[in-house]
Amino acid sequence: MTAMRRLAFALLLAALPGAAAAEDPRPTPLLSIALNADIRSSNPGVQRDFNSDVVLQHVTEGLVALREDQTPAPMLAESVEVSPDGTAYTFRLRDGITFHDGRTLTSAEVAWSWKRYLDPATQWQCLDRFDGRSGPKVLAVETPDPRTVVFRIDRRSALFLVNMATIQCGAAVLSPSSLGPDGAWVKPVGTGPYVFADWQKNRYLELTRFPGYKPLPGDRDGAAGGKQAFAETLRFVVIPDRSVMNAALLSGQVDIVPDVGATEIEAMKAAGAQVTVTPTLSWAVMLLQTRDPLLSDVRVRQALARAVDGKQVAEAASFGLAAPNPSAIAVASAYHDDGDAAWPAFDPAEAAKLLQEAGRAGAAIRIQTNNRPTGQYEAALMIQGLLTSAGIDAQIDTLDWATQLQNYREGKFQASVFTFSGRPDPALAFDSIIGSKDEDPTSQWEDPQAIAWLAEAKTVEDKAGRQAIFDRLHARMAEQVPVIGLFNPVQVTAVGPKVRGYADWAPGTARLWGVWKAE
């Protein structure tokens, strides 16, 4: 266990007084959770957003799911076998699984679901990961018998199962009754512990417990493992205003608020709420435009790395809740280890020396940020102060989020404090920064060796082999400094005093199976 994981565990225990006391789970009529906005769609992986993912993970399931450490595990499949050449995946389905409409799960529904996902007309968000553009191409989905499905792909890929399990992809196995007679989407009819029951748009959404659900044995493990549905009804209440959310929790109108501000924690705890603090897979960074005349010099980038103290930035941006992480490998990843803390040491004097050597003493740099309540503005302010102390003329440009995001997409910045959304596998995290700017302006790191190592990481399936590649990538990133990694933002959730069994995890999607309320 790394130091940062130990810190996260300690924060969780400290935030839940009495959490160690054993209590027997009990049936709960209603469990309610606040959402900051309505879901965008009920169609998994299609026109989705984060809140859609939160809701639909209770309704639908795929062949595989992500464990707590972000590695894939069987879900609707009881086993997965990979051919020696890595181009055939054979899934053996669990016996006795039924859909919410009473249909028994067979290989036919798997093939039907995937035919629909692979059809461009469906507009599935993750199509490019399975049609040969950003991953292997699925050549065929075969059904040799009712409990066996074989996926044939055009090349070996270490990410095939990860992408299949990724929550944002929503690669659920659905019943054909999810569509109407005309082929139009109606609602998700899945195999999960809850049924999609009532959606009053912009007000609330309700799921009801599926009595025919067959959970896996064992405890909850990420989106995998045992899913015990203790609540008869789950209600997701749309409350856009954070202060109204908090008031609703304290008055008992909702049981869970998954987006509490760091400055509100003590007041919520004093009022009786339980609070959890969990590092996420997201990654806050300072992007550096390496084609900029100033920042194209690696000595200048090294100087910036030595002038910025990640610990001070993380504390300022998260009000002391997050720990620094310069690595693209999230602290929650199974691949994160103490070596990922290696980075040019905070040394303003050495930073000034490097700038002098580069003939850039007193250099000016402009840093883009935004004022959303995500800590990016606070991070930029701290970075500005640290760079100024090292003799760098740092100026901040505060933009609206849409403008900053568009500038990122077009590479129109000198430096930018930015947060990447979570990636479950380090190869996907590195993929967000490695590549040619000519092909993709969002690429930050054009080093040919890094590009080659990333391509290798996408094909090597052995964990030790992949770990070695990721270690080399991080060490090279510390030498070349194409970005300055800052920290993994935290998820802060408040739950009512009677709620038991709730636990956040790195993707940040609230899981309400295994949760109940004490009397």
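Is C169 buried or exposed? In this predicted model, C169 is buried, with a relative accessible area of 0%. Its partner is C126. The sulfur atoms of the two cysteines lie 2.1 Å apart and form a disulfide. C126 sits in the loop between α3 (107-117) and β6 (138-145), and C169 in the loop between α4 (160-165) and β8 (194-200), so the bond ties together parts 43 residues apart in sequence. C126 has 1% relative accessibility and therefore also counts as buried, the cut-off being under 20%. The torsion about the S-S bond is about -90°, so the disulfide is left-handed.

The structure holds 19 aromatic pairs. W124, like F130, is buried. These residues belong to a cluster linked by ring pairs. The cluster is made up of Y89, F91, W114, Y117, W124, F130, F151 and F160.

Two tryptophans carry a charged side chain over the ring face. K201 lies over W199, at 4.7 Å from the ring centre. R472 lies over W453, at 5.1 Å from the ring centre.

Helix α11 spans residues 401-410. Its buried residues are Q404, L405, N407 and Y408. Viewed down the helix axis, the buried residues of α11 fall within an arc of 160°, so they line one face. An α-helix has 3.6 residues a turn, so residues three or four places apart point the same way. Several elements cover the buried residues of α11. Among them are the strands β15 (283-288), β16 (364-370), β17 (393-399) and β18 (415-420). Helix α10 (376-389) also contributes to this cover. After α11 comes G411, with a positive phi near 70°.

Notes: Residues are numbered from 1 along each chain as its sequence is written. This is a predicted model: local features need pLDDT of at least 70, side-chain atom pairs count only at pLDDT 80 or more; totals for chains, interfaces and linings use all residues. Side-chain values use heavy atoms; hydrogens and water are left out. Buried means under 20% relative accessible area, exposed over 50%, partly exposed in between (1.4 Å probe, protein chains only). Helices (H or I, at least four residues) and strands (E, at least two) are DSSP runs, numbered from the N terminus. The arc is that of the directions from the helix axis to the C-beta atoms. Contact means heavy atoms within 4.5 Å. A disulfide is a pair of cysteine sulfur atoms within 2.5 Å. Rings of Phe, Tyr and Trp (its six-membered ring) pair if their centres lie within 6.5 Å; planes under 30 degrees apart count as stacked, over 60 as edge-to-face and the rest as tilted. A charge sits over a ring if NZ of Lys or CZ of Arg is within 6 Å of the ring centre and within 35 degrees of the ring normal.
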